[in-house]
Amino acid sequence: MLRRRSTLKLLAAAVPAAIAPAWAQPRYPTGPIRIVIPTPPGGGLDTMARLFGTHLSATFGQPVVVESRPGGNTAIAAQAVASAPPDGQTLLLTFTSTQLNTIVQPKPTYRMADLAPIAMTIASPIAFAVNAQVPATTLREFVALVKSKPRTYSYGSYGAGSVANFMGEALNEKHGLDLLHVAYRGGAPALLDLIAGQIQSAFNDVGSLSREAAATGRIRVLGVTGAQRFKPFPDVPTFRELGMPELDFPAWHGLFAPAGTPATTVAALEREMVRIIHLPEVSARLYELGFEPMGVNATKFQQYIQQSAQPIEALFRSGRIKLE
């Protein structure tokens, strides 16, 4: 009897020590989750953030608030999240320009190392289109046309130093062209000027360009990024199909937390985001918005970011990207 009591006492003493680590783990989340986006309210990224937020709120039992912090080619939003407490309560839903800033800006206000990847949410295919009055029905024909009439044609992008700008300069460099770059503050004004013929060509998101081409015929889409054709617009060939892989620049969107966020919190968010993106109704909605659902985990997302930096850095060192 005495031996049994001693054993019970030892077991009882061991229980608090065994469960203490569980007690020590902070509950996540402890309050509302804030998703910061680098674009104005009402756009595709805002819609996407609210779509994800609805599901995250249902899972974690806390409200999810979307906060718009536009400006600085995503730098304002990125800096805000990079400097936020690393508790997983403040997240950044952003895109490739956040990485580009750290390459092209002489004194960036943040580093990619200041942000912890959670998941690549979607790919945002970028397409190339020309005004319908341009006498070219293929990208090869357009290249030949530009060569035959030097200093005549221009291309629009949604900002100096943007992915669209990099793609335009890659086209110039690879094929010896002199397309004039016209930088806009966003894809919408660039599209309007392309339709009006103020610019002859533009790199922009495939959804906007293809819908306009199908609806009005005022522009012609000649190619798109991606390893495969974009499902909603199967008639648009990829740049790789066209023998122009130099134009296949990365165009990702992803969710980040501040660096230093506990690994358990990042893992919980990662699992949930991958699950949400693969829900049939969510994937269908993302395709409607002109995005390709990805749901890539944090490790693979980090690897992709690092690998995609190489061609970007090489082109920037060539001096073709002008930020002013």
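Guide: We start at helix α3, whose buried residues pack against β1, β3, α4, β4 and β10. The model is a predicted one: local features need pLDDT of at least 70, side-chain atom pairs count only at pLDDT 80 or more, and totals for chains, interfaces and linings use all residues. Numbering runs from 1 along each chain as its sequence is written, and side-chain values use heavy atoms, with hydrogens and water left out.

Visitor: What do helix and strand stand for here, and what does buried mean?

Guide: Helices (H or I, at least four residues) and strands (E, at least two) are DSSP runs, numbered from the N terminus. Buried means under 20% relative accessible area, exposed over 50%, and partly exposed in between, with a 1.4 Å probe and protein chains only. Helix α3 covers residues 75–82, and six of its eight residues are buried, so the helix is largely enclosed by the rest of the structure. The buried ones are A75, A77, A78, A80, V81 and A82.

Visitor: In what order do the six strands of the open sheet lie?

Guide: In general, strands of a sheet pair through backbone hydrogen bonds, either parallel or antiparallel. Two strands count as paired if DSSP finds at least two bridges between them. Here the order is β2-β1-β3-β10-β4-β11, and the pairing is mixed. At the edges are β2 (64–68) and β11 (292–297), each pairing on one side only. On average, neighbouring strands of this sheet are turned by 25° against each other, direction ignored. For such angles, axes are lines fitted to C-alpha atoms, for helices over the stretch in contact, and the angles run from 0 to 180 degrees between N-to-C directions.

Visitor: Which helix packs on the sheet?

Guide: Helix α9 (residues 263–277) does, touching β3 (90–95), β4, β10 and β11. The direction of α9 makes about 0° with that of β4. Contact means heavy atoms within 4.5 Å.

Visitor: How many bridges join β3 to β10?

Guide: Four, and the two strands run antiparallel. One of the partners in β10 is L255, which is bridged to L93. On β1 (residues 33–37), β3 has a parallel partner, with three bridges, and V36 stands opposite L92. Strand β10 (residues 252–258) also pairs with β4 (residues 115–123), in the antiparallel sense over seven bridges; there P117 stands opposite F256.

Visitor: How many residues of β3 are buried?

Guide: Six of its six, which leaves the strand mostly covered. T90, L92 and T94 point one way, while L91, L93 and F95 point the other way.

Visitor: What joins the side chains of T90 and R34?

Guide: A polar contact of 3.2 Å. The term means a pair of N or O atoms within 3.5 Å; within protein, one must be able to donate a hydrogen and the other to accept it, and residues adjacent in sequence count only if both atoms are side-chain atoms. T90 is buried, with a relative accessible area of 7%. Beyond neighbours within four places in sequence, T90 is in contact with R34, V36, V81, A84, A257 and P258.

Visitor: Which residues touch the most other members of the largest nonpolar core?

Guide: In soluble globular proteins, nonpolar side chains tend to be buried together. A nonpolar core is a set of buried Ala, Val, Leu, Ile, Met, Phe, Trp, Tyr and Cys residues joined through side-chain atoms within 4.5 Å. The largest one here has 34 residues, and F142 and F203 touch the most other members. Helix α6 gives the most to this core, with six residues. Apart from it lies another core of 31 residues, including I37, F60, V64 and V266.

Visitor: Which backbone angles stand out?

Guide: Most residues other than glycine have a negative phi, and most peptide bonds are trans. N73 has a positive phi of about 55°; N73 sits in the loop between β2 and α3 and is partly exposed at 27%. R151 has a positive phi of about 60° and counts as exposed, at 76% relative accessibility. A cis peptide bond joins Y28 and P29, with omega about -10°.

Visitor: Over which residues is the pLDDT below 50?

Guide: pLDDT is the predictor's confidence in each residue, from 0 to 100. The protein chain averages 90, and 92% of the residues score at least 70. Residues 1–25 are the stretch below 50, with one contact beyond near neighbours in sequence. Where pLDDT is low, the predicted coordinates should not be read in detail.
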